[in-house]
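Please look through the predicted model below with this briefing beside it.

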Amino acid sequence: MSLRIVVCVKYVPDATGDRHFADDLTVDRDDVDGLLSELDEYAVEQALQIAEEADDAEVTVLTVGPEDAKDALRKALSMGADKAVHVEDDDLHGTDVMGTSLVLAKAIEKTGYDVVIAGMASTDGTMGVLPAILAERLGVPQVTLLSEVSIEDGVVKGRRDGDTASEQLEASLPAVVSVTDQSGEARYPSFKGIMAAKKKPVESLDLSDLDIEADEVGLEGSWTAVDSATERPARTAGTIVKDEGEGGKQLAEFLASQKFI
Amino acid sequence: MAEILVYVDHVDGAVRKPTLELLTLARRIGEPVAVALGNGAADTAAVLAEHGAVKVLTADAPEFAEYLVVPKVDALQAAYEAVSPAAVLVPSSAEGKEIAARLAVRIGSGIITDAVDLEAGDEGPVATQSAFAASFTTKSRVSKGTPVITVKPNSAPVEAAPAAGAVETLAVSFSEKAQGTKIVARTPRESTGRPELTEAAIVVSGGRGVNGAENFAIIEALADSLGAAVGASRAAVDAGWYPHSNQVGQTGKSVSPQLYIASGISGAIQHRAGMQTSKTIVAINKDAEAPIFELVDYGVVGDLFDVVPQLTEEVKSRKG
């Protein structure tokens, strides 16, 4: 029986670019390049490894985002995913995590799945709550923040390294999994993979395909409101000294002046 | 006065510091009612009362230790229904955020994560957050339902404010899904005797420039002289020199101590995202062009193998 894996990925503004907010206090996507969130590459990698271990598996990558978000899907397809689903709708602009998770949950149900895999957090919002919310919405177990993951005989197993303990987890499929950057280095797309990705199917869905009303999502439908976003003032230039043999002592003097010692 | 539900993060009854900070913030917007779950829950009452909890709701059951997250969500929801609070506050640990998020879905509320400050506003609590590697500060509120907000460690001072702290047992009936994810084994993290990274007032971190696992001993020695936690950059963790649990940065832990000392760390955006809100930043690096120097209050351009041991000795002698 085929194992259906859906990987949720996000198209995010490049963290090395000059990221800022637009006038409506949503993330400005026009002035900075976007790309597949680095943390989602680990999710794609684990999905591909699980698929390689399974007798018969299919990896679908799913994203919610504007036209450009197709770039994130193409990257995942060039890594080796089989097909992609892109939810795109003008009414989605400004949707927060509750709305996005609603859209993802409906798209996942429509696509069909045995396991959903996501990264531990996006590199723009960095909330890290989406996988747990998806599990709640889909009514399936969450097996999240895994640094190791495997699926065998309809059971997902993994290791979760927490603040105070490391735990071995186990759940029956269907389930929602999230993986950390410790789960294993993500592969680079090969030239062959990049060429093959161009021929792979990308299904487009809009809100009406998912039976979602416009007022359930978007900036107006958000469950949260951003009232202000201010750029942090540049730090005032600090003191920089060159070590001529007394650097450690000079630093100790500074720490003492600040009452740290 | 409106009641504010505060989720208690504790280890076998020992309340972790971020929860006490949360009580300080909760008092700005109402009267804190604490919810403590699992082994030792009842033992948390005295310290919670001392810090302002008017009531402490406790529950213990094997489910909390045997299954992941959902039993705690069931219990927090039971507390929510019993109290009808004006807001729910949860510490921003990995598990705390997951518990808060699932509760928010269930009660039809919005969620704000990783707040670094909280104040009362006309339309409910207003949360301050850092965005884009701390290059922006935003103020946000929950606009639908009862605000569910998670708060980062070191966001408020711990203040004593004795309150009644009446202990009540919370009745919890677990949902069908509570046993979905079984915890089949748990290995407690070995204590290093140093403060917890995210809670520490001082953090000393090492990066690529430390050049080997064995050399982290000099970073640890400096940390110990200052009573600090030890952090590591992603480069140092990826090289296998220090455990991932100590990684500071976007994919590791985000820290906001009073003092952050970066040794042999260039200051890539990934690292800055995790430490830029530190109050005082100090860096030691051979490369005068390293981007970390743009952030520092005090920087030493020099070899960390010379500077760090000298600093450690100086700290020790000054502390006597």
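A search of the whole structure finds 6 aromatic pairs over all chains, where rings of Phe, Tyr and Trp (its six-membered ring) pair if their centres lie within 6.5 Å, with planes under 30 degrees apart counted as stacked, over 60 as edge-to-face and the rest as tilted. This is a predicted model, in which local features need pLDDT of at least 70 and side-chain atom pairs count only at pLDDT 80 or more, while totals for chains, interfaces and linings use all residues. Residues are numbered from 1 along each chain as its sequence is written, chains are lettered from A and ligands numbered from 1 in the order in which they are written, and side-chain values use heavy atoms, with hydrogens and water left out.

**Aromatic rings**

- F64(B) and F174(B) form an edge-to-face pair, with 5.5 Å from centre to centre and 75 degrees between the planes.
- This pair links distant parts of the chain, 110 residues apart, since F64(B) belongs to helix α3 (residues 62–66) of chain B and F174(B) to the loop between β12 (166–169) and β13 (181–188) of chain B; helices (H or I, at least four residues) and strands (E, at least two) are DSSP runs, numbered from the N terminus.
- F64(B) is buried at 5% relative accessible area, whereas F174(B) is partly exposed at 26% (buried means under 20%, exposed over 50%, partly exposed in between, with a 1.4 Å probe and protein chains only).
- F21(A), F132(B) and F136(B) are linked into a cluster by ring pairs.

**Two packed helices**

- In chain B, helix α6 (residues 216–226) and helix α9 (residues 304–319) pack at an angle of about 25 degrees with their axes 9 Å apart, the axes being lines fitted to C-alpha atoms over the stretch in contact and the angles running from 0 to 180 degrees between N-to-C directions.
- That angle makes α6(B) roughly parallel to α9(B) (under 35 degrees is roughly parallel, over 145 roughly antiparallel, 65 to 115 roughly perpendicular and the rest oblique).

**Backbone**

- Most residues other than glycine have a negative phi, and most peptide bonds are trans.
- The peptide bond from L173(A) to P174(A), however, is cis, with omega near 0 degrees, and P174(A) is placed in the loop between β9 (165–172) and β10 (175–179) of chain A.
- D153(A), although not a glycine, has a positive phi of about 50 degrees, and D153(A) is exposed at 75% relative accessibility.
- S84(B), also not a glycine, has a positive phi of about 50 degrees and lies in the loop between α4 (70–83) and β6 (87–91) of chain B.
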